[in-house]
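Reader: I am new to this structure. Could you take me through it step by step?

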Amino acid sequence: MNKYLLLAVLLATLGACGKSGSDASSSGTTSDSAAVKAIDFVTTQDGTPLKIDVALFATPSAKEFLATGKNPYIGNDEAIAKGKKVFQMYSCVACHGGHAEGAVAPGLIGPNFKYAKNATNKGMFETIWHGTNGGMGAKGIGLMDPTDPKNGITPDETLKIIAWIRSMGTGITGNE
Ligand code: HEC
């Protein structure tokens, strides 16, 4: 019996990429958060694993991004308009310029990036969330301000900022 169970688990693991609903054998069927399908984030500093509380991915679009690494707000005018506001609110504009074209800090519109991974939305998300070693501070909520765990940008806002940045750019959607 155990042998078959092990085999079944192995097969399920190997072929798992689609639905995850059927292998939630240990915890029943209802627990949403236990079964969250999440991509693996890494830091831009050194590529080590970056843990982000999945509960912060609170909107449908943020959840979709968490599952797929694709930014659903690309090309969405409403999200882009909000992203522009957040870009201004968090002073990105002071360093990167009003059109993300670059100022004291590099431009963000590509096609060339200091960190090549920023051509993807997952990569740019990681950079904004956790910063770099070269003068870009972490902006993710709980990371931006060590004295205030509520300060910083949410995942949903980060995706909107990225959608705005891509809209200023050279045709890169970041979702390829
Ligand atoms: C105090 C100035 C400053 C602010 C404010 C700032 N940045 Fe930056 N940012 C930098 C610098 C400097 C770099 C280059 C980092 C490096 O070389 O490691 C950078 C790099 C980046 C990169 C990577 C660019 C590339 O070519 O790979 C992204 C994306 C980025 N910033 C987005 C943002 C966003 C979005 C905000 C606002 C939430 C923001 N930054 C706020 C200074 C800033």
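**Ligand shell and core**

Author: Two helices, α4 (92–96) and α5 (121–130), each supply at least two residues of the shell around the ligand. Please note that this is a predicted model.

Reader: Which element gives the most to the shell around the ligand?

Author: That is α4, with four residues.

Reader: And how many residues surround the ligand, and which are the closest?

Author: The ligand is surrounded by 24 residues, and the closest are Cys92, Cys95, Gly134, Gly135 and Met136. By type, the residues of this shell divide into 14 nonpolar, eight polar and two charged.

Reader: Let us change topic. How many helices and strands does the chain have?

Author: There are six helices and two strands. Along the sequence, they follow the pattern α-β-β-α-α-α-α-α.

Reader: What share of the chain is buried?

Author: Buried residues account for 28% of the 176 residues in the chain.

Reader: Which residues touch the most other members of the largest nonpolar core?

Author: In this core of 22 residues, they are Leu159, Ile161, Ile162, Ala163, Trp164 and Ile165. The elements giving two or more residues to the core are α2 (60–68), α3 (77–89), α5 and α6 (155–167). The largest share, six residues, comes from α6.

Reader: What is Trp164 in contact with, leaving aside its neighbours within four places in sequence?

Author: Trp164 is then in contact with Ile80, Gly83, Lys84 and Phe87.

Reader: How much of the contact in the chain joins residues at least 24 apart?

Author: Among contacts between residues at least 6 apart in sequence, the figure is 55%.

Definitions and conventions:
Residues are numbered from 1 along each chain as its sequence is written. This is a predicted model: local features need pLDDT of at least 70, side-chain atom pairs count only at pLDDT 80 or more; totals for chains, interfaces and linings use all residues. A residue is near a molecule or strand if its C-beta atom, placed from the backbone, lies within 6 Å of it. Ala, Val, Leu, Ile, Met, Phe, Trp, Tyr, Cys and Pro count as nonpolar, Asp, Glu, Lys and Arg as charged, and the others, Gly among them, as polar. A residue is buried if 20 or more other C-beta atoms lie within 10 Å of its own, exposed if 12 or fewer, and partly exposed in between; C-beta atoms are placed from the backbone. Two residues are in contact if their C-beta atoms, placed from the backbone, lie within 7 Å. A nonpolar core is a set of buried Ala, Val, Leu, Ile, Met, Phe, Trp, Tyr and Cys residues joined through C-beta atoms within 7 Å.
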